[in-house]
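Here is a friendly walk through one protein model. Take a moment with the sequence and the structure before reading on.

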Amino acid sequence: MSPFPDGFLWGASTAAHQTEGSNVNSDWWLREGMMPGTDPSGDAVDSYHRYREDMRLLAEAGLTAYRFSIEWARIEPKQGQFSLAELAHYRRMIETALELGIVPVVTLHHFTVPAWFAQAGGWTAPDAIDRFAAYVERASAILDGVEWVVTINEPNMLAMMTMLQEAMRDGRLSTWQSPTVDGEAEQARIAANLPTPTAEYAAPFIAAHHAAREVLRRTTSAKVGWSIADQALEALPGNEAKLAEIRWEAEDIYLEAARGDDFIGVQSYSSQNVDENGVVPHPEHPDNTLTGAAYRPDALGIAVRHASEVTGLPVLVTENGIATVDDERRIAYTTEALRGLAAAIDDGIDVRGYLHWSLLDNYEWGHWEPTFGLIAVDRTSFVRSPKRSLAWLGGVARDNGRSLTP
């Protein structure tokens, strides 16, 4: 017997800006040229043109689901000006997935916004929610056949990034810190004497998510949710109250906002302790990943249990993976993470799927490292080279996790 239910989704995830290339109308494209410490995304890994090859490699390996984002900055390059060609492009991506027998999981917003939106004040502008809802309304027209829609990727990380961008604009922070490299953004926040992002920073994202959910429920039959970055925090003895305080602003305010959704997306990579001073930094250790995070495959089970407890919703693991150049280490990490996920399911947690981050080695928000992919990409020729981990995860998918039994 498999610990995973029939119909369980096995797949991988990507994000448009990290893979497509030449996302010239986005705020990130402009920011890469202005922020010290960032590499340009450039052509990225050219998935804008090579998406069929990427999906084919995923399907041929045995995986059944692909999470990808559609790019608001391409669809609405100027305010109120919607590109029919770009909408058709993303519709072709959806149809390609369906043709290959892949369940598309579509994310409507994955960190990037149109440059015009950012220049008008971004998420703090008075009309920000209306502008996002208008984009979602147009995008919903291409979602026929899509069963799963993620409105916003990691709004809790977006709140942190909003705060850091404000600090860069007013001179309190001089060098960009990637949200991918574990601890960099938090260290930058502390160095700039900034508070933890509060409910004030969360509010526009919660309002945008609820507005998008309303649009999607009126215009589609898709399951609607959003994905939360879960740190899988654990309290050291006597620090349970401090854990609750920190987790409220970092995660739970967003999880509670999802209670009317159809599912909750969980994204987890590592775990950290909380003491009387707050989150304990990852200790230096030879097993730490390329992001500096502790090697904690058990984090996924912790995160899934917490998200389920707070929301009461079915869980879709929308990201989980490890930053490493050692593919055998990737397989070992994912094996243990999936065993923890199976244990959560065995304990009654309703989990609908597992989407690995990432399908491809890609642009990691300011840097070309660390590498998370199941497929390596030569950034000069764009030749895709599947790693052993892709075939391994495909094998797990084919037997629905039975091979994970120790």
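## The model

Please keep in mind throughout that this is a predicted model.

## How α8 meets α11

Let us start with two helices. Two packed helices are described by the angle between their axes and the distance between the axes. Helix α8 covers residues 155-169 and helix α11 covers residues 240-256; their axes lie 9 Å apart, at an angle of about 135 degrees. Because angles over 145 degrees would count as roughly antiparallel and 65 to 115 as roughly perpendicular, α8 is oblique to α11. The crossing of α8 past α11 is right-handed.

Which residues make the contact between α8 and α11? From α8 come Pro155, Asn156 and Ala159, while α11 supplies Ala250, Glu251 and Tyr254. By type, the residues of this contact are four nonpolar, one polar and one charged.

## Salt bridges

Side chains of opposite charge can pair when their charged atoms come close. In this model there are 21 salt bridges. One of them joins Arg74 to Glu20, with 2.7 Å between the closest N and O atoms. Arg74 belongs to helix α4 (residues 72-75), whereas Glu20 sits in the loop between α1 (16-19) and α2 (27-34), so the pair ties together parts that are 54 residues apart in sequence. Are these two partners buried or exposed? Arg74 has a relative accessible area of 11% and is buried; Glu20 is also buried, at 5%.

Another salt bridge links the side chains of Asp350 and Arg352, at 2.7 Å from N to O. Here Asp350 counts as partly exposed, with 33% relative accessibility, and Arg352 is partly exposed too, at 31%. Within it, Asp298 pairs with Arg296, their closest N and O atoms being 2.8 Å apart. Asp298 is partly exposed, with a relative accessible area of 37%.

Now find Ala397, which lies in helix α14 (residues 388-398). Its relative accessibility is 11%, and because buried means under 20%, Ala397 counts as buried.

What is Ala397 in contact with, leaving aside its neighbours within four places in sequence? The contacts are Trp10, Gly62 and Leu63. Thr64 is worth a look as well: Ala397 and Thr64 are 333 residues apart in sequence, yet 7.7 Å apart in space from C-alpha to C-alpha.

Notes
Residues are numbered from 1 along each chain as its sequence is written. This is a predicted model: local features need pLDDT of at least 70, side-chain atom pairs count only at pLDDT 80 or more; totals for chains, interfaces and linings use all residues. Side-chain values use heavy atoms; hydrogens and water are left out. Helices (H or I, at least four residues) and strands (E, at least two) are DSSP runs, numbered from the N terminus. Buried means under 20% relative accessible area, exposed over 50%, partly exposed in between (1.4 Å probe, protein chains only). Contact means heavy atoms within 4.5 Å. Axes are lines fitted to C-alpha atoms, for helices over the stretch in contact, and angles run from 0 to 180 degrees between N-to-C directions. Angles under 35 degrees count as roughly parallel, over 145 as roughly antiparallel, 65 to 115 as roughly perpendicular and the rest as oblique. A crossing is left-handed if the near helix is turned anticlockwise from the far one by less than a right angle, and right-handed if clockwise. Ala, Val, Leu, Ile, Met, Phe, Trp, Tyr, Cys and Pro count as nonpolar, Asp, Glu, Lys and Arg as charged, and the others, Gly among them, as polar. A salt bridge is a side-chain nitrogen of Lys or Arg within 4 Å of a carboxyl oxygen of Asp or Glu.
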